[in-house]
Amino acid sequence: MKIYQNSNEPIYKQIAVQLREQILTGKLKAGDPLPSIRGLAQDLKISVITTMKAYEELASEGLVTASKGKGYYVNAQDERMLKEQHMRQLEKHLSDAIYSAKIAGVGLEEVEQTLEMLWNFDEE
Amino acid sequence: MTNNTLTLSQAHKIYTGDGMGLHALKLGIGGILMYSATISAFFIVMLMSQGSVSEARNELSGTGFINTFLAIDAGIILMITGLMHYDRQLPGGKYFRTVKGGFDTYRKMKNASLIARVTALIAILIFGAFSHLLGVFKLSYGISDIIYIGAFLLLSIGEVNFMNYIKNPALRGFLTPFIIFATGLPGVILPNVFDGNIYIGLAVAAVAVPFILISQKAMLSDYKKNKWNQ
Amino acid sequence: MNNAIEINGITKKYKDFMLGEVHASVPCGFATALIGANGAGKTTLIDILCGVTGKTSGEAVYFGNMTDIDNDNLRNRIGYCSSANFFPLEWTLKKVADSVELGFDNFNRQRFSELCKRFKLGDPAEKKQKKLVQLSDGNKMRAYLASVLARDTELLVLDEPASSLDPLARDMLCDLFREYLSERDGERSILFSTHNIADMEYATDYAVFMANGKVIEQGFVEDLKEKYILVHGDAENADKARPFMISCSGGRTSFEGIALAENAGMLSTFDTAVETPTLQQLSVGILRKAEEDDQ
């Protein structure tokens with residue numbers, strides 16, 4: 001895991017993003033424990049409350065569950081939920097792309113073409 | 001107040017790094033060395049002016065010289081340690097207030113320090129007595145002199161305790177040596193007045209013991225009220 | 001959430017200074033920073049909490065149920081260290097160990113030696129020893145910290161531990177904090193005071209701000225960063241923005257300050273830029289407000 005301490009993205013968000021990715025890609029499996037809150041804080045050289053906030057965010061999304069006194073565990077991800085999570089990610093990235101397109105004055109058609117080109121490029 | 005199992009010596013070690021026995025030993029040896037050094041210095045001066053060892057020894061012995069220096073050196077040792085303070089604003093002061101036992105440990109340390117001081121005083125006096133008995137340096141009235149010096153220095157230990165009622169440290173530090181020497185002086189002079197009457201010396205010593213105990217108690221309760229709990 | 005210390009209306013009267021009433025919490029499992037200018041009352045509050053000095057009124061509840069700081073069980077559970085001259089200056093590391101070993105039930109001499117070596121202070125078991133007075137201020141503080149960390153405690157209370165340390169040692173202090181907290185996950189807490197929070201930002205979970213003897217703000221750092229915003233703007237808009245800000249300072253071309261997050265919308269109409277404050281920026285903003293109120 002890597003953290004940018006001087007980035008505009010809050011540190012807890014950076015942690016949440018990276019753990020979310022590990023869960024959604026299956027790197028962290030159902031039942032796996034997350035690192036202890038204070039252990040992770042020690043490793044990353046950040047405050048305890050920051051890691052805690054990242055974990056709480058993941059818990060509120062239903063990705064992990066706090067087990068009293070034992071830390072956080074990864075939940076079993078059902079297919080539909082997982083797809084939904086991925087869709088949310090997709091929408092977020094596309095929104096960013098649309099934002100850039102609008103700033104650059106690029107029309108929908110051109111965006112579609114670019115998307116198609118990138119899609120095919122990726123498949124090759 | 002919490003009960004704890006610290007001994008007087010352990011309490012003393014928490015505050016000073018030395019146990020009670022080691023502290024008494026350091027004080028006793030310090031006093032004896034200081035006394036020996038003073039006497040030796042005067043002996044050498046006398047030796048140079050008189051030319052022979054026995055002449056020089058005679059000059060010094062039985063003149064009140066030896067008594068005076070015994071009293072002064074023992075008094076200095078008592079004063080140095082009697083004036084040690086452990087207030088909150090002094091180095092270590094905050095730490096001492098957090099150790100187990102709290103004020104009870106402070107009280108034990110102060111009692112250990114008192115015992116060590118009295119022990120050291122006795123050791124210095126015994127050294128003086130031996131030097132007299134062995135005929136190295138003679139005192140005018142022998143053991144009587146020792147009793148008088150000891151008795152009045154015991155009184156001064158009690159007085160140093162009462163000096164703690166003077167809250168201004170500069171004034172206290174200034175006055176304490178005067179008080180000690182003013183009290184020690186009769187210990188040197190009175191044997192001449194009473195022709196070495198040992199019972200008067202013993203009577204003063206008998207008064208000094210309860211005086212010390214009362215002063216110690218008063219000093220501790222004053223400290224608790226005006227310093228510790230503030 | 002449990003509190004390691006719950007401070008309920010503590011006051012202390014001096015001839016020329018009045019502390020409190022202080023109401024504050026030190027949450028269990030976290031590092032709490034007591035932030036304030038010199039003379040704000042941080043040391044007095046810490047001294048009262050550790051039984052170093054008496055209080056005029058109020059109460060502190062430790063570990064949920066203990067209130068008597070004279071209780072040895074409680075004394076043993078707290079690792080306190082003052083900002084300077086914690087031990088007599090003529091002491092060596094060995095004397096420190098001899099004293100602390102008797103003064104508390106949970107001192108580990110082996111661990112003290114390890115910490116001294118880690119802090120490059122030398123071996124306290126060796127014959128030839130330097131006295132504390134011969135050490136630099138930073139090394140003195142390291143020796144004090146070693147004596148406290150060599151005890152198995154549940155709460156560290158440190159008065160200005162970072163102020164005499166160089167940048168590397170401050171970084172190490174932050175590591176020590178996190179190590180202490182993580183060794184017994186959630187059971188240990190830290191309270192430390194500082195007048196310069198920048199170096200301790202990534203080791204602070206909860207912040208208590210003090211000014212003129214009073215607590216003026218407190219909360220978990222992540223919550224405070226959502227409660228407040230950092231606002232920048234052009235100098236020409238400063239007068240319009242100021243009523244919506246907590247505190248604000250500026251020069252000829254721009255102004256900067258903090259505001260409540262709920263005013264972000266209003267402030268954006270004055271062509272301002274808004275971002276999440278660092279704890280340092282938050283501290284400056286909150287303490288500046290206290291100073292302005294005082295005048």
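I began with helix α5 of chain C, whose buried residues pack against β5 (78-81), α3 (93-103), α4 (109-118), β6 (155-158) and α6 (167-183) of chain C. Helices (H or I, at least four residues) and strands (E, at least two) are DSSP runs, numbered from the N terminus. Buried means under 20% relative accessible area, exposed over 50%, and partly exposed in between, with a 1.4 Å probe and protein chains only.

I noted that this is a predicted model, where local features need pLDDT of at least 70, side-chain atom pairs count only at pLDDT 80 or more, and totals for chains, interfaces and linings use all residues. Residues are numbered from 1 along each chain as its sequence is written, chains are lettered from A and ligands numbered from 1 in the order in which they are written, and side-chain values use heavy atoms, leaving out hydrogens and water.

**Helix α5(C)**

I looked up its length: α5 (residues 137-149) of chain C has 13 residues and reaches 18 Å from first C-alpha to last, close to the 18 Å expected at 1.5 Å a residue. The expected span is 1.5 Å times one less than the number of residues. I found 11 of the 13 residues of α5(C) buried, so the helix is largely enclosed by the rest of the structure. Among them are M141(C), Y144(C) and L145(C).

**The cores**

Next I looked for nonpolar cores (buried Ala, Val, Leu, Ile, Met, Phe, Trp, Tyr and Cys residues joined through side-chain atoms within 4.5 Å). The largest has 128 residues, and Y95(B) and Y62(C) have the most contacts inside it. A second, separate core of 36 residues includes M46(B) and L155(B).

I then followed Y95(B): leaving aside neighbours within four places in sequence, its contacts (heavy atoms within 4.5 Å) include I14(B), F86(C) and W91(C).

**A loop residue**

I found N164(B) in the loop between α7 (143-163) and α8 (169-193) of chain B. N164(B) is buried, at 13% relative accessible area.

**The interfaces**

Buried area is the accessible area (1.4 Å probe) that two parts lose on being put together, summed over both. Between chain C and chain B I read about 2200 Å², with carbon and sulfur atoms giving 56%. On the chain C side, V52(C), D72(C) and L102(C) supply 26% of the area buried against chain B, more than any other three residues.

Between chain C and chain A, the area is about 1600 Å², with 51% from carbon and sulfur atoms. Here R178(C), Y202(C) and E222(C) lose the most area in chain C, together 41% of what that side buries.
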